[in-house]
Amino acid sequence: MLSLKALHISLVVAWFAGLFYLPRIFVNLAMVPAGSAAERDRLLLMAGKLYRFMTPLGVLAVATGLWLWLGYGFAGGWLHVKTALVALLAIYHWHCGRLLRLEELLADERRTVGATELRSTHGGVHFSGDWSVCYRANLESRLATRILSHIVKGPYASEEAICRLAVRQ
């Protein structure tokens with residue numbers, strides 16, 4: 001049983017290392033300049049590999065924890081707290097995996113409302129369509145926090161210039 005405890009602790013430490021480092025990759029992704037597709041792709045690749053590496057570690061950590069629980073019994077108030085924390089960490093792990101696929105899921109969601117010319121970027125999806133597509137995207141989106149529409153394109157230097165451009169349109 002002692003070697004199982006050592007294995008469990010090692011797996012938990014490795015799983016935590018991945019859980020704590022993955023948000024750092026997300027921060028780096030948020031700081032990538034808009035035109036740096038290679039850097040964005042590299043960070044997404046790193047995040048995906050880290051997630052795929054730490055998922056089996058988390059599963060094995062929980063499995064060895066359950067094995068220890070069955071071997072020693074579920075006694076003591078601290079074990080209830082520990083079990084709740086493990087459940088929260090598993091939910092956090094799942095949420096991080098969802099964040100990695102958010103643009104892909106958002107593109108699929110746009111496709112279902114009839115959007116065309118889909119292009120995923122960091123933090124969003126660019127798409128084309130008529131006003132009905134825009135309305136449906138706004139009404140039916142479960143993922144997007146906002147949908148922006150290009151109204152006019154042109155040079156501007158102040159708010160008044162933007163208003164003049166919009167009025168000409």
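A disulfide, for this notebook, is a pair of cysteine sulfur atoms within 2.5 Å. I looked for such pairs and the structure holds zero disulfides.

Ground rules. I am working from a predicted model, where local features need pLDDT of at least 70 and side-chain atom pairs count only at pLDDT 80 or more, while totals for chains, interfaces and linings use all residues. I number residues from 1 along each chain as its sequence is written, and side-chain values use heavy atoms, with hydrogens and water left out.

**Cysteines.** I checked Cys 96 and found it in helix α3; helices here are DSSP runs of H or I with at least four residues, strands are runs of E with at least two, and both are numbered from the N terminus. Cys 96 counts as buried because its relative accessibility is 2%. My cut-offs are under 20% relative accessible area for buried, over 50% for exposed, and partly exposed in between (1.4 Å probe, protein chains only). Cys 163 has a relative accessible area of 49%, so I put it down as partly exposed.

What does Cys 96 touch, not counting residues up to four places away in sequence? I get Leu 22, Phe 26 and Tyr 51, taking contact as heavy atoms within 4.5 Å. I also noted Pro 23: its C-alpha is 8.0 Å from that of Cys 96, though the two are 73 residues apart along the chain.

**Helix α2.** Tyr 51 sent me to α2, where it is one of the buried residues, along with others including Arg 40, Leu 43, Met 54 and Leu 68. The cover over the buried residues of α2 includes α1 (2-30), α3 (77-100), α4 (102-112) and β1 (116-121). Just after α2, I found Gly 73 with a positive phi of about 95°.

**Trp 69.** With Val 62, Leu 66, Leu 70 and Phe 74, Trp 69 forms a nonpolar surface patch.

**Arg 110.** Beyond its neighbours within four places in sequence, its contacts include Leu 118, Val 125, Phe 127, Ser 141 and Ile 147.

Key: Patches are made of residues with over 30% relative accessible area and no salt bridge: like charges are joined within 9 Å, nonpolar side chains (Val, Leu, Ile, Met, Phe, Trp, Tyr) within 5 Å. Accessible areas come from the Shrake-Rupley method with a 1.4 Å probe; for residues, only the protein chains shown count as cover. A salt bridge is a side-chain nitrogen of Lys or Arg within 4 Å of a carboxyl oxygen of Asp or Glu.
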